[in-house]
Every structure is written in C-alpha cells, then in structure tokens.
Amino acid sequence: MTFDKSWTKITNKEDQTFIKKALAFANWAKKYADSEGKIHCPCKKCVNAGRHDPAIVSTHIIHNGFEPTYNIWIYHGEHLPGYETDGTDSECDESENDSNDGVEDLLNDAFPTGGEPEAENFRDDADQRNNLNAEKLFIDMEKPLYPGCDEFSVLSFLLELMNVKLTCNMTNVSMDMILNLFSQAYKDVNLPRNHYEAKKYLRTLGLGYESIHACKHDCALFWKEYTELQNCPVCSTSRYEENDKGKKKPVKVLRYFPVTSRLKRLYASRHTAKEMLWHDQQRNKEEGVLRHPADGQAWKHFDTVFPDFANESSKCSPRACQ
Ligand SMILES: [Zn+2]
Ligand SMILES: [Zn+2]
C-alpha cells in the first residue's frame with residue numbers, strides 16, 4: 001500500500017479534493033500524535049517545524065498549502081525508501097511485526113490513537129495507561145542494548161546517540177539512516193527504528209523537549225500569542241531563513257524541557273518514585289550534619305514557608321503515585 005500524495009500538488013486551495021484530502025490527512029496522522037495530541041504540520045508556513053492539534057493542521061494545509069518539498073512523510077510515519085524493515089510501506093504500520101523488542105508496541109500503547117484528550121475522564125484513563133506504560137518503559141530501558149551487553153542499556157545508548165546528533169548538528173534523516181543501519185546489522189539490538197520513534201520513546205519517559213522558535217536577536221519567542229508570526233514582534237527580523245537548497249528553516253530554536261512531564265514520569269514508576277521520596281523517608285536526618293540539600297538552610301526555610309508542599313512527600317507513597 002502506498003500513500004496517495006498527488007493531492008498535495010494541487011495548487012488551487014479551493015479544490016474540493018484538496019480540502020477533503022487535507023482533512024483526511026490530519027485525521028489519519030493522529031496516530032503519530034505526541035503525548036499532547038499534536039502532530040507535525042506540513043503546511044507551507046510550519047514546514048513540520050510546528051506541531052498543532054490535527055484540526056489546526058488541516059486548517060493550515062487548506063489555507064497555506066502543503067509544503068511542496070515534503071515528499072517523504074518521515075514526520076508522519078513514512079520511512080525513507082529502502083529503509084522499510086519488511087518491504088511494506090508504513091501505512092501498514094499496525095500490522096508490522098518486526099524483530100524490535102516491542103518498544104513500538106509499548107509506544108503505541110502509550111499514545112493511544114483514538115483517544116479524545118479534551119474529555120477529562122478520557123484524560124484520566126490515558127494518564128493511568130501512560131503511567132503503566134511508563135513503568136514498562138522504565139523496565140525496558142534498563143535492558144542491555146543487545147543480549148550480553150554490559151556497557152550500554154537501551155536508554156544510555158540512545159542518549160549518547162542523541163547527544164552526538166545534537167553536537168554534530170546531524171539531520172533527522174541521518175539519524176533515521178543510522179538507526180536503521182544498526183537494526184539491520186545487529187538483529188538483536190534493542191533500538192527504535194528511526195529518529196521519530198527515538199524521540200517518542202524519550203518523550204514517553206519525560207525526556208522529550210519542545211522546540212520553540214526564537215528571534216535571532218533574542219527579543220521574543222514565537223510562542224503563545226506569537227506562535228503564528230513570521231517576523232519578530234519587537235525588531236521585525238524574519239523568523240525563517242532559507243538554506244542553500246532554498247528550504248525555509250527557523251533562524252534560532254530554543255529547546256524547552258518541560259518540568260511537569262519529567263516530574264510526572266519520575267513519580268509514575270515505583271523505581272523512581274521511591275527515589276523521589278528518599279530525602280523524606282530514608283535520609284538520615286541527624287542534626288548538624290550536611291549530607292543532602294535537604295539538610296541545608298534553604299531547603300528547611302522553603303519547608304517552613306510551604307508546609308503543605310513539605311508534607312506532601314510523606315502523604316505520597318510510591319503506590320499512591322502510580
Ligand atoms: Zn502549519
Ligand atoms: Zn527581534
């Protein structure tokens with residue numbers, strides 16, 4: 001099965017086929033949504049740099065047009081030609097059954113595709129399910145990179161690799177190719193198959209980040225009310241520049257590591273939740289000895305100012321946190 005992409009080349013934005021296909025695309029791409037239900041937007045303005053709710057993505061595509069250079073939908077589950085694991089197109093993803101260690105299944109479980117995040121009760125269910133899946137992922141990430149490997153766990157390898165990617169400014173495509181090469185060369189290796197999955201994997205563990213475009217001169221972030229702007233609201237400098245291939249790319253990107261998801265994840269697994277309570281439950285609280293930041297004046301002062309917050313850890317057992 002192949003993707004029908006002919007509609008993306010339709011230039012008349014009022015064409016009914018174009019509108020219908022844009023709506024269908026956003027609806028279908030929901031299965032590649034992140035934990036907030038957002039997907040990469042392939043409209044001409046966002047060029048996959050921005051992520052939005054699927055409904056906004058379809059509106060963007062209809063108003064701005066579909067980015068003409070986005071031919072291989074790597075942000076929406078497609079693999080590079082020759083890099084599919086079993087020769088099928090990724091539109092058949094759901095039936096794919098490869099030698100991966102099940103990370104993909106875990107990821108699919110962690111990001112249920114049909115959920116309506118707007119409804120609170122669904123969100124509670126999803127939270128619970130996410131916690132269970134985070135727990136499974138924690139166990140999974142402690143697995144050796146391949147059977148018998150003492151040096152690297154799946155996670156430590158993945159983090160090293162991501163570090164290399166960021167330090168050397170490697171493209172997502174090069175990561176796709178490297179991860180794919182590893183999977184082909186080492187049949188027993190426990191790694192995600194491409195960069196997109198690696199990011200999803202880290203995001204599930206609360207290690208993901210959000211990319212926020214910034215003004216070249218650091219005046220403002222293209223965030224909240226400025227999300228859609230093309231120029232800096234203070235100095236009017238352009239948000240994008242063209243690279244030598246004529247492709248639009250943001251001039252400056254801030255990588256924001258949200259603390260909430262990290263804390264949630266740390267409390268979601270009984271392994272790490274225990275560590276989160278250690279300072280209160282297992283620390284030697286002998287006076288006059290400084291062994292931990294909690295023994296310091298600043299921590300104690302904070303506890304007296306916010307007693308409810310300070311008491312929280314004793315109310316919160318790892319079981320209750322799950
Ligand atoms: Zn867009
Ligand atoms: Zn500026």
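Some ground rules come first. Residues are numbered from 1 along each chain as its sequence is written, while chains are lettered from A and ligands numbered from 1 in the order in which they are written. Because the model is predicted, local features need pLDDT of at least 70 and side-chain atom pairs count only at pLDDT 80 or more, whereas totals for chains, interfaces and linings use all residues.

The secondary structure of the protein chain comes to 12 helices and six strands; here helices (H or I, at least four residues) and strands (E, at least two) are DSSP runs, numbered from the N terminus. Of its 322 residues, 23% count as buried. A residue is called buried if 20 or more other C-beta atoms lie within 10 Å of its own, exposed if 12 or fewer, and partly exposed in between, with C-beta atoms placed from the backbone. Among contacts between residues at least 6 apart in sequence, 48% join residues at least 24 apart; two residues are in contact if their C-beta atoms, placed from the backbone, lie within 7 Å.

How confident is the predictor? The average pLDDT of the protein chain is 76, and 75% of the residues score at least 70, where pLDDT is the predictor's confidence in each residue, from 0 to 100. Over residues 82–124 the pLDDT is below 50, and this stretch has 56 contacts in the model beyond near neighbours in sequence. Residues 317–322 also have a pLDDT below 50, with nine contacts beyond near neighbours in sequence. Where pLDDT is low, the predicted coordinates should not be read in detail.

Helix H1 takes up residues 16–28. Buried in H1 are Phe-18, Lys-21, Ala-22, Phe-25 and Ala-26. They sit on the same side of H1, because they cover an arc of only 135 degrees around the axis, the arc being that of the directions from the helix axis to the C-beta atoms. An α-helix has 3.6 residues a turn, so residues three or four places apart point the same way. What do the buried residues of H1 pack against? Their partner is helix H2 (54–64).

The other side of H1 holds the exposed Gln-16, Thr-17 and Lys-20. Lys-20 counts as exposed because it has 11 C-beta neighbours inside 10 Å. In the segment before H1 comes Lys-5, which is partly exposed, with 15 other C-beta atoms within 10 Å. Lys-5 and Phe-25 are 20 residues apart along the chain, and 9.9 Å separates their C-alpha atoms.

Helix H5 (residues 154–167) gives a similar check: its 14 residues should span 20 Å at 1.5 Å a residue, and 20 Å is the distance between its end C-alpha atoms. Val-154, Phe-157 and Leu-158 are the buried residues of H5. Seen down the axis they fall within an arc of 95 degrees, so they line one face of the helix. Exposed on the other side of H5 are Glu-160, Asn-163, Leu-166 and Thr-167. After H5 comes Asn-169, with a positive phi near 60 degrees.

Further along, Val-173 lies in helix H6 (residues 172–185) and counts as partly exposed, with 14 C-beta neighbours inside 10 Å. Val-173 and Ile-74 are 99 residues apart in sequence, yet 8.3 Å apart in space, C-alpha to C-alpha. The loop between H6 and helix H7 (195–204) contains Pro-192, buried with 23 C-beta neighbours inside 10 Å. Between the C-alpha atoms of Pro-192 and Phe-182, 10 residues apart along the chain, there are 9.8 Å.

Most residues other than glycine have a negative phi, and most peptide bonds are trans. Asp-218 has a positive phi near 65 degrees, and its place is in the loop between strand S3 (210–214) and strand S4 (240–242). Is Asp-218 buried or exposed? With 12 other C-beta atoms within 10 Å, Asp-218 is exposed. Lys-224, in the loop between S3 and S4, has a positive phi of about 50 degrees. Lys-224 is exposed too, with 7 other C-beta atoms within 10 Å.

How values were computed: Expected span 1.5 Å × (residues − 1).
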